[in-house]
Amino acid sequence: AAIRAAGGTLVYRSVDVRDSEAWAGAIDELYAEYGRLDGVFHGAGILEDKLVADKSPESFARVFDTKVKSAMVIADKVRPDVKLVVFFSSIAGVFGNRGQVDYAAANDALDKLAWWLGARVDGRVLSVNWGPWQGTGMVSAELAREYARRGMGLVPPDEGVAALLDELRIGPHDDRQIVLM
């Protein structure tokens, strides 16, 4: 409602980003319908936490590909005139987490993709290494305890959103990766 009230257009389409062909097709459809994409926020991700010894290659691929393959489709499909691309990464890519080798690797890859894409488009590209969210998101009770043990607090949703908006509004536009926690 706020976007529309400000004169903007918001499009919501459901697509499985793990299906690269369907995901690329959805982006192509948006370009065909509107002629441009002004901004993309990528927040895809799943968790299947297990120690490396207990993790199957298929599980690793599901976690890694959900985040990385879908982001690579975005990087392949956005045109140089895109104004904003934001990847929602995680502090797991920076600090790691027990049982999250796949998720940490995926987030680190997303951070590197932001640097690569930022050199190829005119607009701002940013990978946000989010800390754990309070009361929402992908943080289980066990993971919240582990963060607390390590001295990492949970991000209140209203403060997290405000921090991201501040960064997009006033942050250095040559930064490609930030940590918000």
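Student: Which residues are linked with Glu29 in a network of salt bridges?

Tutor: In this predicted model, Glu29 is linked with Arg13 and Glu33 in such a network.

Student: Why is Ser59 called buried?

Tutor: A residue is buried when its relative accessible area is under 20%. Ser59 has a relative accessibility of 5%, so Ser59 counts as buried. This residue is found in helix α3 and touches Glu48 and Asp102, not counting residues up to four places away in sequence.

Student: What makes the contact between Arg62 and Glu48 a salt bridge?

Tutor: The nitrogen and the oxygen must lie within 4 Å. The closest N and O atoms of Arg62 and Glu48 are 2.7 Å apart, and the pair forms a salt bridge. Arg62 lies in helix α3 and Glu48 in the loop between β1 and α3, so the pair ties together parts that are 14 residues apart in sequence.

Student: Why is Lys83 called exposed, and why is Asp38 called partly exposed?

Tutor: Exposed means over 50%, buried means under 20%, and partly exposed lies in between. Lys83, at 53% relative accessibility, therefore counts as exposed, whereas Asp38, at 32%, counts as partly exposed. The two residues form a salt bridge, with their closest N and O atoms 3.6 Å apart.

Conventions:
Residues are numbered from 1 along each chain as its sequence is written. This is a predicted model: local features need pLDDT of at least 70, side-chain atom pairs count only at pLDDT 80 or more; totals for chains, interfaces and linings use all residues. Side-chain values use heavy atoms; hydrogens and water are left out. Helices (H or I, at least four residues) and strands (E, at least two) are DSSP runs, numbered from the N terminus. Buried means under 20% relative accessible area, exposed over 50%, partly exposed in between (1.4 Å probe, protein chains only). Contact means heavy atoms within 4.5 Å. A salt bridge is a side-chain nitrogen of Lys or Arg within 4 Å of a carboxyl oxygen of Asp or Glu.
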